[in-house]
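Please look through the structure below with its sequence alongside. The paragraphs after it go from a single side chain to the whole chain.

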Amino acid sequence: MKAKLLTLAFILTFFSSVISQETNSPGVFGKGIFNLMGKDSTWSMKIAARMQLLGTAAWEKEPDGGLVDPASNMLVRRARLKFDGFVLSPRLKYKIELGLSNRDQAGQSEFTRNSPRMIMDAVIMWNFYGNFVLWAGQTKLPGNIERVISSGNMQLVDRSILNAAYNIDRDIGLQLRHHFNLTDKFLVREKIAFSQGEGRNVVLGNLGGHQYTGRLELLPFGKFKNKGDYFGSDLEREEKPKLMLSATYDINSNAVRTRSNLGDYMFNDVGLYETTIETLFVDAMFKYRGFSFMGEYANRTADDPVAKNSDGTETGDIVRVGTGLNLATGYVFKSNWALAVRYSNVTPDLEITGNNKSDQYTFGVSKFIVGHKLKVQTDVSFLDILGETDVLLYRLQMDLHF
């Protein structure tokens, strides 16, 4: 009862604050639910929401070559609330994103005090001098391009198997970002990060070492229109060719999880097993007149990827070391129907991990009703795992962003 009263009090206080401020409801769908501006213009807040509804069906191949009856699933894949704006000055910005679906909140453990992992982003961004911006808080690390693209702005229904195996996701810490022009058009962006190294919402302090990430982005033909380098498909139909060439290098010193700051915790007889994990990404994004291409390469290594007890016996946990390749291309027609194809490959170090090479081929069709803010996407994927059962996957998804 007490919790309900506190929740009611919070809602009443919030809406009282809204009424007392200047409220502007965006005139265009997809630009937020409403915008708030303090009467003295010392703060602002845009409030937005989005949801992603997904249905899947998967068939496994039988020994005789036939397909078994499909395993199907329907779920709210993502449901998010987003808040962003500035405080005191437009040079001091913030972003808060909360995940409300079961998938968003999954992964609670003793290190999150067994609480749902609701907070996706909670970050402050301070443009303290020139083109330098300091970020502080929890948000995505500057990793591979496919991961940094929002889950609501993807070219296909979901990210690739390369991303599932090797991405470095979100963490809490500091990031310094800077950009400059080599020529009138040639843009260079640098991003470095220092973070805790255990992933999002870990509240019991640092478990191993720390994580260090650096990313360099080269845009020889200038900026993409409306930040088009960070959303899938060429919805802006770039009038001139646009290209971004990028590389990320990440070191997670004394990491305690099997996928850098993701995956299972590696326990041993004295607590947590620690090993330094290094991840390299090289990626590219190209767009021109509705055509788009994205390519990524990943390589993950570890000092000692096989977790051990103090006496040298193996625990059974293994860092997922190996390489991956992801190539995706597509075309957006003037009717805003789009076609896309993707080839993704993950090649684990077989001798260390015991896992075989995986190849996935995906073909997708999208209808962008209001860009990425309202769209329907469907795709078919064939997953070929060397020496194991092949899988055929069908997905249908709808996105709605206020």
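Which backbone nitrogen does the side chain of Asp-234 reach at 3.1 Å? That of Glu-238. A polar contact here is a pair of N or O atoms within 3.5 Å; within protein, one must be able to donate a hydrogen and the other to accept it, and residues adjacent in sequence count only if both atoms are side-chain atoms. The backbone nitrogen of Arg-289 also lies 3.3 Å from a polar atom of the Asp-234 side chain.

This is a predicted model, in which local features need pLDDT of at least 70 and side-chain atom pairs count only at pLDDT 80 or more, while totals for chains, interfaces and linings use all residues. Residues are numbered from 1 along each chain as its sequence is written, and side-chain values use heavy atoms, with hydrogens and water left out.

Asp-234 sits in the loop between strand S10 (211-219) and strand S11 (242-255). Helices (H or I, at least four residues) and strands (E, at least two) are DSSP runs, numbered from the N terminus. With a relative accessible area of 1%, Asp-234 is buried; the classes are buried under 20%, exposed over 50% and partly exposed in between (1.4 Å probe, protein chains only). Leaving aside residues up to four places away in sequence, Asp-234 touches Lys-287, Tyr-288, Arg-289, Gly-290, Phe-291, Ser-292 and Val-332, where contact means heavy atoms within 4.5 Å. Between Asp-234 and Tyr-288 there is a separation of 54 residues in sequence and of 7.2 Å in space, C-alpha to C-alpha.

Is Ser-260 buried or exposed? It counts as buried because its relative accessibility is 0%. Its side chain makes a polar contact with the side chain of Asn-252 at 3.2 Å. Asn-252 is also among the residues that Ser-260 touches beyond four places in sequence, a list including Ile-168, Gly-197, Gln-211, Asp-250 and Arg-300.

Val-28, in the loop between strand S1 (22-24) and strand S2 (34-37), counts as exposed because its relative accessibility is 52%. Val-28 and Phe-402 are 374 residues apart in sequence, with their C-alpha atoms 9.6 Å apart in space.

Two asparagines have a positive phi although neither is a glycine: Asn-201 at about 65 degrees and Asn-336 at about 70 degrees. Asn-201 lies in the loop between strand S9 (187-195) and S10, and counts as buried at 14% relative accessibility. Asn-336 is in the loop between strand S20 (322-332) and strand S21 (337-348), and is partly exposed with a relative accessible area of 30%.

Turning to the protein as a whole, there are five helices and 24 strands. Along the principal axes, the C-alpha atoms fill a box of roughly 65 × 55 × 55 Å. Buried residues make up 45% of the 402 residues. Of the contacts with a separation of 6 or more, 59% are between residues 24 or more positions apart.
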